[in-house]
Amino acid sequence: MLASLKLFQQSQVWKFDLPSALIGALLALLGAFMAYRQREKLKRLGLNLWSPLVKLRSRAQASQEDRYVATLQEALRALWLFTPADPTVVFQPPTFAAPPPLPTGADPESVMSVPEPLSIAFEHVADGHPQLVITGSQASGRTTALTMLVWQTAQRGGKRRPYERFPLWIDLKQWKNLSRSQALPPLERLVQLAGLFMAELVPKWVLTHLRNEPSLILVDNWDILPLDERHAVARWIAEAAQSLPKSCWLVASGETGYGMLAENGFVPLQIVPPSGEATIAALYKGWTHLLKMEAHTPSEDVLPTLAWAAEAGASLLELTIRIIVYLQTQQLPHRFVDVLDRFLDNCIPTPNLGEGQVELVEQARVLTLTALSHLAKIHRLEGRAFSQQEIYNFIGTLLPDGAAASKLEGAVRRMLFDAHLLQREGKLWAPAHYVWDDFLTAWALTEDPIGADMVKTHLDDPTWALLLEFYAGLEDVTPLVNMLVNDALTYGNIESLLRAARWGVIAPEDAPWRKSLLKVLAQTFTDAEMDHAMRLHIGHALALNAGEGARAFFIQTLRQPAVAIRAAALRGLGWTGSPREMPLLKGALQDPDLEIRQSAVEALADIGTSEAVRMLEEALFEADDLLLPSLAQALSRTEEGLEVLKKAVHHESLMIRRTAAQGLSQLNQPWVVQILETMVREDKEWIVRAAAELGLNAIKERTESKTVPARPIPVDQMEWLITWAAQQGLGLGVGAAAMEMLERAIAQGAPPTKVMGALTLAQIGREEHLALLEPLLQDRNVSVRRMAEYAIQCIQKRYYVYRG
């Protein structure tokens, strides 16, 4: 036994085995080498395995409120074109034009003209009056702005809650799907409608938060509500708002047709999208970051092409599509319809149908586009989504006879859903974004025998504005252009002419109606009675449509005797951007008429070349005092011009230094603030110090302004009306009695009283007040006539709806 134990112990003594050690070391080195070679794949594998566990742990730790906000944001991202992973990276905040507060003073003489609208910054839009209508045209960014308020309220959240206000999204597109089987209180109906957008929503939990916390109710798609239901929906919204005293409501609407909301205390804010080179650069940079293409250097013509598109009226949505198409294809056509066509061609996958099947592959792509356009057309015109089986059945109707039908059917089915141009709506499918809805519908209408009649019927329908632009880019729209031109010439509706000019930018170069449009634009431009601002709009549209040909027209127009027309023609030369006009513009800087000299300065700023800046610099040291403010503004528009202004800060002439301060104050930059502060402290001349101080105040106003939407003043609290009633020996009364007194003041008052009354109706007037205002259009007092015209336009805009 002991002998056996001793033998066993001897066998357990460790001995170094050199061959085995070498083999083990080689295997370890080989394993380490292979792991190093595959380190990125292993890292991704590890992250893929670990990521679900991390997310599960985070969800378990997150509160219900955190999860609610995250789920809502995920649902809202799907409303964005291309669903950005982080919308804050590409969001360009708009501002909003709000109606100015009605004067409360007792002196009507203080207001004899239309006051300027207030500018509301995006970050303060929900900080004032709690019932707002965000108005704007298609693709102006209404829905985008509403969605980003959810991110904003989440960023403002604190330790107690992950939001400043409890956000709730209402999509009025779902109103038609709302169950009406039982009458519900306004709040429960509100939550029911919210649940149609966000299926994960727990009604009782949401109701508890709405009743106990400040809330942010965001209502989208007012403009697609049926006309016969808008009054009822507006009343329901007003009742729900009254039951939530701590709520803030923002309703997204078109530019017209929101009068029912205004009747219930909602104040309209017109969305003003951001513009300029900085916005384009930020948008481009944001998308390169999201697509992980920061290292990509754009070709020289990309940013200028985007700037041209913006100048021609492109929305941020169009600019986004152009940027995405360029980043994906390295191509950037000029016409928007060509950009969309390039995108569709890129996003529809090429099926693998075997070797030598090129013709069959192309046939599959054509059938896929045909199916998409048909589905879009039905969805756009009838508002109907489709089951998967309905889509498969329609594909079957497109297939040719023959042996390839089965292979084509499978390919088209895969391509249709792999293109990501369709999205789920519950159990059904519909186009993923209204851009594809409108573009593919326009394409389908070009092949439809009644397509031309259909678009003519919807010419004045604001919800068809984008679709008609696409149609103008794809089809001959001579009859539609003739209708728009006739509206402009017969009724003086210049907006119709500008709309036709916008189509001219989108349409093919050989569009048969282009020459007649240019002729009407030229005639309108030289109309001596034309408003100055509108003349410039017409001239700019002419320059965009005529291209190089506009140069000859503007030079010829300089022979016109009217100063206003010659001044506008100089601006036209600036828009054409030809360096050949430099001597002509230099001569205009010496013109005895100030308006001509100012237009020459602005034209040089529009050209913006080094030679143009040099001429502006020379003019700065030679011009009279009246021209210096225009030169300051012009030089602030380019980098080279800013260098001129920086040098001018130290010029011996106090007027030049003052001009430098005025020009630099146009920018909201820290280095500008430093220069102006130095001028305030150190300049010897009080006039320069005053200009620098005014500039600092202007920058502070732009960057730190906290202007918020104002609450409408009740008619029975207007001091001027109370005073007028007292002068008649009457009391004002409240409610309906106060409104009757307002109507009486408009009909019987002196011109200042009529102006105040018309201004009041511009904000709160209803359709029945149009008859009261129309006689004022013939008033002998020019201020009364202008204010009456303004008020009528505002009321008609609020209540205009397309009735087909």
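## Close-up views of side-chain pairs in a predicted model

View 1. Arginine 766 is partly exposed, with a relative accessible area of 32%. We are looking at a predicted model here, and in it the side chain of arginine 766 forms a salt bridge with that of glutamate 263, at 3.9 Å from N to O.

View 2. Arginine 502 lies in helix 21 (residues 494-506) and glutamate 469 in helix 19 (residues 465-474), so the pair ties together parts 33 residues apart in sequence. Both arginine 502 and glutamate 469 are buried. Which residues share one network of salt bridges with this pair? Shared partners join Arg502 and Glu469 with Glu318 and Arg322.

View 3. Glutamate 318 is found in helix 12 (residues 316-329). Is glutamate 318 buried or exposed? Its relative accessible area is 5%, so glutamate 318 counts as buried, a term that applies under 20%. With the side chain of arginine 502, the side chain of glutamate 318 makes a polar contact at 3.1 Å. Leaving aside residues up to four places away in sequence, glutamate 318 touches Ala309, Phe336 and Arg502.

**View 4. Arginine 580 pairs with glutamate 548.** This salt bridge between side chains spans 2.4 Å, N to O. Each partner sits in a loop: arginine 580 between helix 25 (563-576) and helix 26 (582-588), and glutamate 548 between helix 23 (532-546) and helix 24 (549-557), with 32 residues separating them.

View 5. The model holds 17 aromatic pairs by count. In the one formed by phenylalanine 82 and phenylalanine 343, the ring centres are 5.5 Å apart and the planes stand at 65°; because that angle is over 60 degrees, the pair is edge-to-face. Phenylalanine 82 is partly exposed at 23% relative accessible area, whereas phenylalanine 343 is buried at 7%.

**View 6. Tryptophan 169 and phenylalanine 197 form a tilted pair.** Their ring centres are 6.1 Å apart, with 40° between the planes. Tryptophan 169 is part of strand 4 (residues 166-171) and phenylalanine 197 of helix 6 (residues 186-197), so this pair ties together parts 28 residues apart in sequence. Tryptophan 169 and phenylalanine 197 are both buried.

**View 7. An aromatic cluster, and charges over rings.** Tyr68, Tyr163, Phe166 and Trp205 make up one aromatic cluster. Elsewhere, what sits over the ring of tyrosine 392? The charged end of arginine 413 does, 3.7 Å from the ring centre. Lysine 646 lies over the face of tryptophan 671, with 4.5 Å to the centre of the ring.

Definitions and conventions
Residues numbered from 1 in each chain as written. Predicted model: local features only at pLDDT ≥ 70, side-chain atom pairs only at ≥ 80, totals over all residues. Heavy atoms only, no water. Phe/Tyr/Trp six-rings, centres within 6.5 Å; stacked < 30°, edge-to-face > 60°. Buried < 20%, exposed > 50% of the residue type's maximum accessible area, 1.4 Å probe, protein only. Helix = DSSP H or I, 4+ residues; strand = E, 2+ residues; numbered from the N terminus. Lys NZ or Arg CZ within 6 Å of the ring centre and 35° of its normal. Polar contact = N/O pair within 3.5 Å; in protein donor to acceptor, adjacent residues only side chain to side chain. Contact = heavy atoms within 4.5 Å. Salt bridge = Lys/Arg side-chain N within 4 Å of Asp/Glu carboxyl O.
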